[in-house]
Amino acid sequence: MALLQISEPGQTTAPHQHKLAVGIDLGTTNSLVASVRSGEAQTLADINGDHILPSVVRYAEQGIEVGQAAIEHAVIDPSNTIVSIKRLMGRAATDLKSLRQSSPYEFSISESVVPKIKTRAGDVSAVEVSSEILKSLKTRAIETLGDELVGAVITVPAYFDDAQRQATKDAARLAELNVLRLLNEPTAAAVAYGLDTGQEGVIAIYDLGGGTFDVSILRLKQGVFEVLATGGDSALGGDDFDHAIADWMLQQSGCKKIPTPSLVRLLMREARSAKEQLASVTEVNVKVELDDFAWQGELTRSQMQALIEPLIKKTIMACRRSLRDADVAVEDVLEVVMVGGSTRTLAVREMVGEFFRREPLVSIDPDKVVAIGAALQADVLAGNKPDDEMLLLDVIPLSLGIETMGGLAEKIIYRNTPIPVAKAQDFTTYKDGQTAMAVHVVQGERELVDDCRSLARFDLRGFPPHVAGAARIRVTYQVDADGLLTVSACEENSGVEASVDVKPSYGLTDSEIETMLRDSMDHAEDDMHSRMLREQQVEADRVVEALDAALQVDGDELLSEDEKANIAQARNQLIEAKAGDDSEIIKAAIKQVEDACADYVARRMNSNIRNAMQGHSVEEYAGNEQE
Amino acid sequence: MTTDILTQNFFELFDVPVSFEVDLDLVQQRYRELQKAVHPDKFVSASDQEKRISMQQTSWINEAFNALRQPVERAIYLLKLKGVDLNLENETTMDAMFLMEQMEMREALSDVQSKDDPLAALDDFSVQIKNKMQAMAANFSIAYEDDQLDDAKELIRKMQFMQKARKEVDELTAKIEDELF
């Protein structure tokens, strides 16, 4: 077999190289980056030794500040200092009213449905602000780890809908981070605990962060994490505790004036500090002074508990619901994992423990556990653990539907269906001679379209007229492993098609992202060229390496001589192209190899499954039939 | 050379006998084995073509898993394999007794909120529905094995009725819980 002997000097397969990949917890209040180093997942610190990066971005006179530097200016420069931006991710301008956030920012009124915040650096979207946080974490990782990253696993609340996930991916793209996978935060926490302690059974993950609450019911078995159900509230978190306490302080002070943004900030800071202190003491003395406002008073632990109890009860309700969705009784839950800084609040631990009737797990730092789990998953996805058995199976958090006559939402994919998933549904026309149909994609559990989130609209046009009810329009929803949706529609009699990647109105279009990337790049043209060339060369190596490895395993078994010759030819052309300096030619040659291998790849993927199903012993069958 | 899994029926795919009685533990076990072979996480740095195939195969396996593990879905799929397509919207003939029972249950359900302990009453409903579903499933299995496909079809329709009732009970439970907390 000549094919496998082709090898160029210096091209022998390199010894297994550790690929650098990180896990990022992009949180409402705080963000973290972690990586697996010498076999252990650790969060990475900045030069000051701080692991936690406050998710705060300030558009200052002299440039952009992220984290602690920005937070220090939150009180003096509130309108240019952006906090809790995660709450705006994937939200439309019309959603802002429903967000219970007394926001100090000024929103710019624009044509675009994406809300933009006015800053001295111009109008910025949530995606742009988030990308600044990601850039900061990426820089930290590269400086700490000493090399470029192959990619990142970024966590999102399990309850994030399609628009919010898409916005997160857009932010990563803008930060020039390769997203290996979007991972649900609770699943990441389970990864951290599961791998460390080898748990098997049903586990509840209670994740109360600064601005979001999630509960997930997972089953861990034989290295597979299966999400049975998820629930929560994407606008409820520890910030709301602070709000409740701050409101109480304001009420106690007897101040009748509407507080200024600076005072709101200060009250929130004091409320937060009081809450944190009350985790270890039973009473705190609070003093708030700003301009003409002054208040001093006591807050006891039980007073605080009374203030936040209604909020905690809301989370317990979501727990009940998720257990019901998962068809799991409270007694079946083996462990409850606590995630998120707000689970340090004692009242939370107590009420959760009471509901699940067991002491919740708190052995891993609740602020770091998600980033650590994401780092472990990133390490596996980057290919550093080829023999690792870990596999995460996720579900879709909210049902996906389509608008039908009368403004009703008909569900096409039900929530908690494992992803990826594809579902097709047939529709027909209701008028004679109709040649177009509008497709309105919605997400949510309610019956009426108006109560669901609108994700996208598109038209299927130009199919031949039929009498009413005779056209056959098949609408297909495909959700990928990141939970992102693509919808296509086809009139089956004529074959007329239309499709849309559901990059909802709240995300950014591809061209917007490209423009932003170009604007932000101060590289010279040549740099861009050499970078693209280098990228294509690396890609070419990867393709050849993967092909050779595959051929060695089953080339003889799955390919005819003609097919082998074809593939060998394309492979040689690619090696030739790679020696040149034109990235476009390399790209075309890669494409050619991929085309030549198309059937081969398909056969391999099928035989892959066959192999997985082989080796079921005879006894196993005998055992079944006796039942 | 190799069969395309997308053309296999769900039972073949999971390597279990074509029957209404399935070993759910085995189905789960097979599901994990299949997922480990095809899931997109195993193809993160693969070519676009491999990623696409992986997504199609995983979607197919997920669809199969959903159909196999849920009794009503499984029953519908078995009839589909026999060439019986349930045109559920257009065929609603149902025996009068069953419909009467259904109406009585709906009435009782609408009174539930005036009960002393509505949640306990709803739990009773859930148990009743579950028991009826189990009995119907057992009857379906017999009808299917005896090739009494019309009976089997009728049973599926009844089970769907019960499924809807269960959903209503669940929704009502959630609503009452919301009011209590």
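**A helix and some rings**

Modeller: In this predicted model, helix α3(A) is mostly covered, with 14 of its 20 residues buried.

Biologist: What span in Å does helix α3 of chain A reach from its first C-alpha to its last?

Modeller: Helix α3 of chain A runs over residues 126-145, which makes 20 residues. At 1.5 Å a residue, 28 Å is expected. The helix comes close to that, reaching 28 Å.

Biologist: Which residue follows α3(A)?

Modeller: Look for a positive phi. The residue after α3(A) has one, near 85 degrees. That residue is Gly146(A).

Biologist: How many aromatic pairs does the structure hold over all chains?

Modeller: Rings pair if their centres lie within 6.5 Å. Over all chains, the number of aromatic pairs is eleven.

Biologist: Are the planes of Phe355(A) and Phe356(A) stacked or edge-to-face?

Modeller: The ring centres of Phe355(A) and Phe356(A) are 4.9 Å apart. Their planes meet at 80 degrees, and over 60 counts as edge-to-face. So the pair is edge-to-face.

Biologist: How many residues apart in sequence are the parts that Phe10(B) and Trp60(B) tie together?

Modeller: The rings of Phe10(B) and Trp60(B) have centres 5.1 Å apart. Both residues are buried. Phe10(B) lies in helix α1 of chain B and Trp60(B) in helix α3 of chain B, so the pair ties together parts separated in sequence by 50 residues.

Biologist: Which residue lies over the face of Tyr144(B)?

Modeller: A charge over a ring must be within 6 Å of the ring centre. Here the distance is 5.2 Å. The residue is Lys82(B).

Key:
Residues are numbered from 1 along each chain as its sequence is written. Chains are lettered from A and ligands numbered from 1 in the order in which they are written. This is a predicted model: local features need pLDDT of at least 70, side-chain atom pairs count only at pLDDT 80 or more; totals for chains, interfaces and linings use all residues. Side-chain values use heavy atoms; hydrogens and water are left out. Rings of Phe, Tyr and Trp (its six-membered ring) pair if their centres lie within 6.5 Å; planes under 30 degrees apart count as stacked, over 60 as edge-to-face and the rest as tilted. Helices (H or I, at least four residues) and strands (E, at least two) are DSSP runs, numbered from the N terminus. Buried means under 20% relative accessible area, exposed over 50%, partly exposed in between (1.4 Å probe, protein chains only). A charge sits over a ring if NZ of Lys or CZ of Arg is within 6 Å of the ring centre and within 35 degrees of the ring normal. The expected span of a helix is 1.5 Å times one less than its number of residues.
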